[in-house]
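Hi everyone, thanks for making time this morning. I'd like to walk you through one chain, and please stop me whenever you want to go back to the picture.

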Amino acid sequence: MEEKTKLICISCPKGCSLDVTHDGNTILKVENAACKQGYVYAEKEFTDPRRMVASTVKVKGGLHPLVPVYTANPIPKPKIQDLLVELRKVELQAPVTGGDVVLENVFGTGINIITSRDMPAV
Ligand code: SF4
């Protein structure tokens, strides 16, 4: 059955408000996209929605008690909550180097979680 759904494309800062006509997960038409990426975004959002995730993990013996981390690539949206639970269990030992892998191949996605800055020991 044909339906219409509104989506905001987050592929660039312009944030086009997309009018998507679809039948289930099959995209039939995307309107109001300022470029072709709008269609790509809508299709991905209906079949395999993903997001970059930024968070923090604990650090023992560091200048600060937390260090920021992020997903090296966007992870499937349904995995985000589980990822945040896993990150709460992580405790690194200072010193930490930006780019260190905190979790490897999370949930078999092939995606690593990495630190985004150094955290020196004190
Ligand atoms: S449709 Fe194109 S211009 Fe509009 S937000 Fe998406 S990427 Fe940016």
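Predicted model: local features only at pLDDT ≥ 70, side-chain atom pairs only at ≥ 80, totals over all residues.

The chain holds 2 helices and 10 strands. Reading from the N terminus, the order is β-β-β-α-β-β-β-β-α-β-β-β. The radius of gyration is 19 Å, well over the 14 Å that the globule rule gives for 122 residues, so the chain is more spread out than a compact globule. You can see that in the C-alpha trace too, which spans about 60 × 30 × 20 Å along its principal axes. And of the 122 residues, 19% count as buried.

How is the chain divided? There is a domain 1, covering 2-47, and a domain 2, covering 54-115. Their C-alpha centres lie 31 Å apart.

Let's look at the sheet of three strands. It is an open sheet with the order β1-β2-β3, and the pairing is antiparallel. β1 and β3, the latter at 26-31, stand at the edges with a single partner strand each, so one side of each has no neighbour in the sheet. From one strand to the next, the twist averages 30°.

If you want to trace the pairing by eye, β1 and β2 (residues 17-23) are joined in the antiparallel sense over 7 bridges. One place to look is I8, whose bridge partner in β2 is S17. β2 then pairs with β3, again antiparallel, over 5 bridges, and here D19 has E31 as its bridge partner in β3.

Is β1 largely in the open or buried? Of its 7 residues, residues 2-8, the number buried is 0, so β1 lies largely in the open.

Which residues are around the ligand? They are C9, S11, C12, K14, G15, C16, A33, A34, C35, Q37, G38 and Y41. Sorted by class, that shell has 7 nonpolar, 4 polar and 1 charged residues.

On to the other sheet. This one is open as well, with 5 strands in the order β8-β5-β6-β10-β9 and mixed pairing. The edges are β8 (91-93) and β9 (101-103), each with a single partner strand, so one side of each is left without a neighbour in the sheet. Ignoring direction, neighbouring strands here are turned by 45° against each other on average. Within the sheet, β5 (residues 54-60) and β6 (residues 66-71) pair in the antiparallel sense over 5 bridges, and A54 stands opposite Y70 in β6.

As background, most residues other than glycine have a negative phi, and most peptide bonds are trans. Where is P95? It sits in the loop between β8 and β9, and a cis peptide bond joins A94 to P95, with omega about 5°.

The loop between β9 and β10 (113-115) holds N105, and F107 has its place in the loop between β9 and β10 too. N105 is not a glycine, yet its phi is positive, at about 50°. F107 has a positive phi of about 55°, and is not a glycine either.

Methods:
Residues numbered from 1 in each chain as written. Buried ≥ 20, exposed ≤ 12 C-beta atoms within 10 Å, placed from the backbone. Helix = DSSP H or I, 4+ residues; strand = E, 2+ residues; numbered from the N terminus. Pairing = 2+ DSSP bridges. Domains from an automatic or database assignment. Near = placed C-beta within 6 Å. Nonpolar A, V, L, I, M, F, W, Y, C, P; charged D, E, K, R; others polar. Axes fitted to C-alpha atoms, helices over the stretch in contact; angles between N-to-C directions. Rg over C-alpha atoms; globule rule 2.2 N^0.38 Å.
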